Amino acid sequence: MKNFHPLSPTDAYHEATKHSWASVRRNAHDLDWSTQPSAYKRYGADLPRVSLREETPAKRFLYRVAGITAKKSYPGVEYYLRTNPSAGALYPNEVYFQARGVEGFEDGIYHLEVASASAVLLAPIGEDEGLEAALEDRRRREGLLLFLSGVYWRSSWKYRTRAFRYVLLDAGHLLGSAEAAALLWEKEYRIHYRIDREGLGRFFGFGREEGMLSALDLGSVVGDEVVFPAANLKQVDPTGSFEPNERIEAAYRESGYLQGCRKESRVPKIPFEREAWAEAIFRRRSIRQFSRRPIGREEFVQILRWAQAPVPSDCDETLELYCVLNRVEGMPSGLWRDGRYLKTGDFSAEAGYLCLEQDLGKESAVTIFIASSGENYAPLYQKAGLVGQRLYLAATVQGIGASGIGAYYDDEVRDFLGVQGKILYAFALGR
Ligand SMILES: Cc1cc2nc3c(=O)[nH]c(=O)nc-3n(C[C@H](O)[C@H](O)[C@H](O)COP(=O)(O)O)c2cc1C
């Protein structure tokens, strides 16, 4: 009998949610519009709200994390786009934060209410209590402490079981937009994946439909350890409809067990001119069609340099960025990684095919595939999303179009790249 290595539960989830040419055709389904979940969680109208439109550094920061920046209208539907992108514009994440000693905010725990550009005060906090209790280092912080959750049904309504990948990627994009805003604010930041998910879930009153994924810490330690606030919050329905998905819930649970985490403490410097960076945060959009004009070699190098800068976190994983160069001035076409060609030739049509036959992958200047052999699924996938946000912003600053691509033929991409690990994400850059 051959050696048999059982898959870890998250590897099994990844395996089961691969797209292939056949699976996409076999599993095509119509959307049930009658059960479409809401993309906005709303806490009671009686709770105090703080507008984020006023100009204080913290409010500006929070608006940049997930503020609404565009409205799209189609016959019968209107929807709003945000600073952060999202697979299918379904926004399966919520942002909560704690403010302690922050101008414009009473000390307390808040929900970021994207629809009204405000923060809802969920609970005030005392000196000895706070959400630091959910971190490994529970000492009192002054400043902002963000928490990101996933609400998978918003995405599984459309993408079914593969949706947990998008929940993680989209959370990573939010971490990336918070990073971009923190850099502008000149605040040091650290990402925590090693958080007390159960304790947070209990405090926020989450049911099975919502779970915490990560935290972004902008605070400075100012005191002794704190405990969770004594009173838990009441459950609030985040979607208006719900269909459970056992496979996603199992993957979520398993993704909370982290092993052999490596800490990364380097915090990168803002890579571009500040004003242009601030503008790019608001201008960022997903390009829908490329004109096939090339991008410059230096522009490409700048984008990649930023994408590969360190990401400070308590569980860093290594990502590999494979670039299919289609239209970069002064660089021959081919498959390229870290300054070396793995093969040369025109692979644009193949890249388009691999991205589920989407023209974005074919007509781009560069199509990037992000792969990894890392084991810690939630940190790994969120880092891929964060890197995606860096790609968007570094492209936008330079007037280059970009789009995340969550749909690709997993195993065929692996074969094309010649890698063993997981394919986490694809990305197109160009004009
Ligand atoms: C994880 C992820 C996967 C995506 N996958 C695709 C894709 O496969 N094809 C596509 O055309 N757009 C894709 N997009 C772009 C979204 O459709 C876009 O972000 C969303 O419509 C919101 O628009 P905006 O990015 O302009 O704000 C993806 C975005 C993200 C974050």
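Modeller: Alanine 89 sits in the loop that joins strand β3 (77-82) to strand β4 (93-100). Helices (H or I, at least four residues) and strands (E, at least two) are DSSP runs, numbered from the N terminus. Residue numbers start from 1 along each chain as its sequence is written. The model is predicted, so local features need pLDDT of at least 70 and side-chain atom pairs count only at pLDDT 80 or more, while totals for chains, interfaces and linings use all residues.

Alanine 89 has a positive phi of about 50 degrees, although it is not a glycine. Most residues other than glycine have a negative phi. Alanine 89 counts as partly exposed because it has 13 C-beta neighbours inside 10 Å. The cut-offs behind that word are 20 or more other C-beta atoms within 10 Å for buried, 12 or fewer for exposed, and partly exposed in between, with C-beta atoms placed from the backbone.

Contact between two residues means C-beta atoms, placed from the backbone, within 7 Å. By that test, 31 residues of domain 1 are in contact with 30 residues of domain 2. On the domain 1 side, α1 (9-16), α2 (21-26), α5 (163-185), β8 (190-192) and β9 (211-217) each supply at least two of the touching residues. The largest share is that of α5, with 13 residues. The residues on this side of domain 1 are 14 nonpolar, eleven polar and six charged. In this count Ala, Val, Leu, Ile, Met, Phe, Trp, Tyr, Cys and Pro are nonpolar, Asp, Glu, Lys and Arg are charged, and the others, Gly among them, are polar.

The ligand brings both domains together in one description. It is surrounded by 19 residues, of which Pro85, Ala87, Ser286, Gly404 and Gly406 are the closest; a residue is near a molecule if its C-beta atom, placed from the backbone, lies within 6 Å of it. Because domain 1 and domain 2 both give residues to this shell, the ligand lies between them. Helix α5 and strand β17 (401-405) each supply at least two residues of the shell, and the largest share, four residues, comes from α5. Nine residues of the shell are nonpolar, eight polar and two charged.

The largest nonpolar core has 129 residues, and Phe97, Leu146, Leu391 and Leu429 touch the most other members. Such a core is a set of buried Ala, Val, Leu, Ile, Met, Phe, Trp, Tyr and Cys residues joined through C-beta atoms within 7 Å. Helix α5 gives the largest share of this core, 14 residues. The core lies between domain 1 and domain 2, because both give residues to it. Leaving out residues up to four places away in sequence, phenylalanine 97 touches Tyr110, Leu112, Leu144, Leu145, Leu146 and Phe147.

In α6 (197-204), the buried residues are Arg197, Leu200, Phe203 and Phe204. They are on the same side of α6 because they cover an arc of only 130 degrees around the axis, the arc being that of the directions from the helix axis to the C-beta atoms. Strands β7 (139-150) and β9 are among the elements that cover these buried residues. Phenylalanine 204 counts as buried because it has 24 C-beta neighbours inside 10 Å. After α6 comes glycine 205, with a positive phi near 70 degrees.

In helix α13 (residues 410-417), Val413, Phe416 and Leu417 are buried. Their arc is only 90 degrees around the axis, which puts them on the same side of α13. They pack against β13 (320-325), α10 (348-354), β16 (366-372) and β18 (422-430). Glycine 418 follows α13 and has a positive phi, near 75 degrees.

Methods
Domains from an automatic or database assignment.
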